[in-house]
Amino acid sequence: MQPVENTFIHGDYHTNNVLVKHNKVVGIIDWPRAAFGDPRFDIALAIRPKQGVFDQTGDKDIFLEAYDRLTITEEEYLFFQEGLYQFF
């Protein structure tokens, strides 16, 4: 896994915490887990399969293209999703 510079992260970033109006993000709520950390943690949490969200082929690619900040490899996804996130 390549090192990435730590930054401010949400810590619980997923669709239930993103407010959207007219197809535009207008806010992000629920910040108690915010911290200084690896931004791939937020991405791995955001793209994990959930019923009706990120469960279709290509959904992750659409999110990552729109997110337009950082990509995440399958290895990194598994590290955060199956390793670190499960720890919490």
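Analyst: One definition to start: a residue is buried under 20% relative accessible area, exposed over 50%, and partly exposed in between. The model is predicted.

User: Is Phe-8 buried or exposed?

Analyst: Phe-8 is found in strand S1. The cut-off for exposed is over 50% relative accessible area. Phe-8 has 56% relative accessibility, so the residue counts as exposed.

User: How many aromatic pairs are there?

Analyst: Rings of Phe, Tyr and Trp pair if their centres lie within 6.5 Å. By this rule the count is 3 aromatic pairs.

User: Are the rings of Phe-8 and Trp-31 stacked or edge-to-face?

Analyst: A pair of aromatic rings is described by the distance of the centres and the angle of the planes. Here the centres of Phe-8 and Trp-31 are 5.7 Å apart. Planes under 30 degrees apart count as stacked. The planes of Phe-8 and Trp-31 are at 15°, so this pair is stacked.

User: How many residues apart in sequence are the parts that Phe-8 and Trp-31 tie together?

Analyst: Phe-8 lies in strand S1, residues 7-9. Trp-31 sits in the loop between strand S3 (24-28) and strand S4 (35-37). The pair therefore ties together parts whose separation in sequence is 23 residues.

User: And how do the rings of Phe-79 and Phe-80 pair, stacked or edge-to-face?

Analyst: Their centres are 4.9 Å apart. Planes over 60 degrees apart count as edge-to-face. The planes of Phe-79 and Phe-80 are at 85°, so the pair is edge-to-face.

User: Which residue forms one aromatic cluster with Phe-79 and Phe-80?

Analyst: Phe-79 counts as partly exposed, at 40% relative accessibility. Phe-80 has 3% and counts as buried. The residue that forms one aromatic cluster with Phe-79 and Phe-80 is Phe-41.

User: With which side chain does the side chain of Arg-40 make a polar contact?

Analyst: Arg-40 is placed in helix H1, residues 39-46. Arg-40 is buried, with a relative accessible area of 3%. Beyond four places away in sequence, Arg-40 touches several residues, among them Leu-70, Glu-76 and Phe-80. The polar contact, at 2.6 Å, is with the side chain of Asp-38.

Note on methods:
Residues numbered from 1 in each chain as written. Predicted model: local features only at pLDDT ≥ 70, side-chain atom pairs only at ≥ 80, totals over all residues. Heavy atoms only, no water. Phe/Tyr/Trp six-rings, centres within 6.5 Å; stacked < 30°, edge-to-face > 60°. Helix = DSSP H or I, 4+ residues; strand = E, 2+ residues; numbered from the N terminus. Buried < 20%, exposed > 50% of the residue type's maximum accessible area, 1.4 Å probe, protein only. Polar contact = N/O pair within 3.5 Å; in protein donor to acceptor, adjacent residues only side chain to side chain. Contact = heavy atoms within 4.5 Å.
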